[in-house]
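Subject: Structure handover

Hello,

Here is the structure for your files. My notes on it follow below.

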Amino acid sequence: MALNLSPNTLGVERAYIADGAVTQYAVVVRSTDTADGLDPRVKLPAATSDAPEGIAQNDAAAGEVVRVRISGESFVIANGPYSVGDQLSIAATTGKVDTAASGDRLVGVAREAAGAANDIKVIDLDLKSTLP
């Protein structure tokens, strides 16, 4: 069952087709699978270096519509503890986020601290930057 916290956040969303199962509040990346002619598609990241497309706002099975937050603020799933103001990047192939390191592609900046793995917290999205 999907957690429904989205009314507390603001941002722009775009509809995509899920290329595999997608978890609500996971970071997703653009998929290149267009064999069925449906485009654009998103999926969970294959590597921490993947370019984030946005944050899934609902659970979706393969082939279903997933709303993806592409700007503004969003809830995310923490991979572990981080502090308010930390710059965050993709932590794993699960789409969770963690403190960014030099050279990482950013997902956003923490607006709330995460105390443990799987905490759901708000971030300000910054999807087009790389940490120097």
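Leaving aside neighbours within four places in sequence, Val66 is in contact with Arg14, Ala15, Tyr16, Ile17, Ala18, Val22, Val42, Ala56, Asn58 and Ala60. Contact means heavy atoms within 4.5 Å. This is a predicted model: local features need pLDDT of at least 70, side-chain atom pairs count only at pLDDT 80 or more, and totals for chains, interfaces and linings use all residues. Residues are numbered from 1 along each chain as its sequence is written, and side-chain values use heavy atoms, with hydrogens and water left out.

Val66 sits in strand E5 (residues 65-77). Strands (E, at least two residues) and helices (H or I, at least four) are DSSP runs, numbered from the N terminus. Val66 has 0% relative accessibility, so it counts as buried. The cut-offs are under 20% relative accessible area for buried, over 50% for exposed, and partly exposed in between (1.4 Å probe, protein chains only).

Next, the cores. A nonpolar core is a set of buried Ala, Val, Leu, Ile, Met, Phe, Trp, Tyr and Cys residues joined through side-chain atoms within 4.5 Å. The largest has 15 residues, and Tyr82, Val97, Val107 and Ile123 have the most contacts inside it. Strands E2 (27-30), E6 (87-90), E8 (106-110) and E9 (120-125) each give two or more residues to this core. Apart from it lies another core of 9 residues, among them Ala18, Val42, Ala60 and Val66.

The whole structure holds 1 aromatic pair. Tyr25 and Phe75 have ring centres 5.4 Å apart and planes at 50 degrees, so the pair is tilted. Rings of Phe, Tyr and Trp (its six-membered ring) pair if their centres lie within 6.5 Å; planes under 30 degrees apart are stacked, over 60 edge-to-face, the rest tilted. Tyr25 is buried at 1% relative accessibility. Phe75 is buried too, at 8%.

Last, charges. The count comes to 6 salt bridges, each a side-chain nitrogen of Lys or Arg within 4 Å of a carboxyl oxygen of Asp or Glu. Glu13 and Arg69 meet at 2.6 Å, N to O. Glu13 lies in strand E1 and Arg69 in strand E5, so the pair ties together parts 56 residues apart in sequence. Glu13 is partly exposed at 32%, whereas Arg69 is buried at 3%. Glu13, Arg67 and Arg69 are linked in a network of salt bridges.

Best wishes
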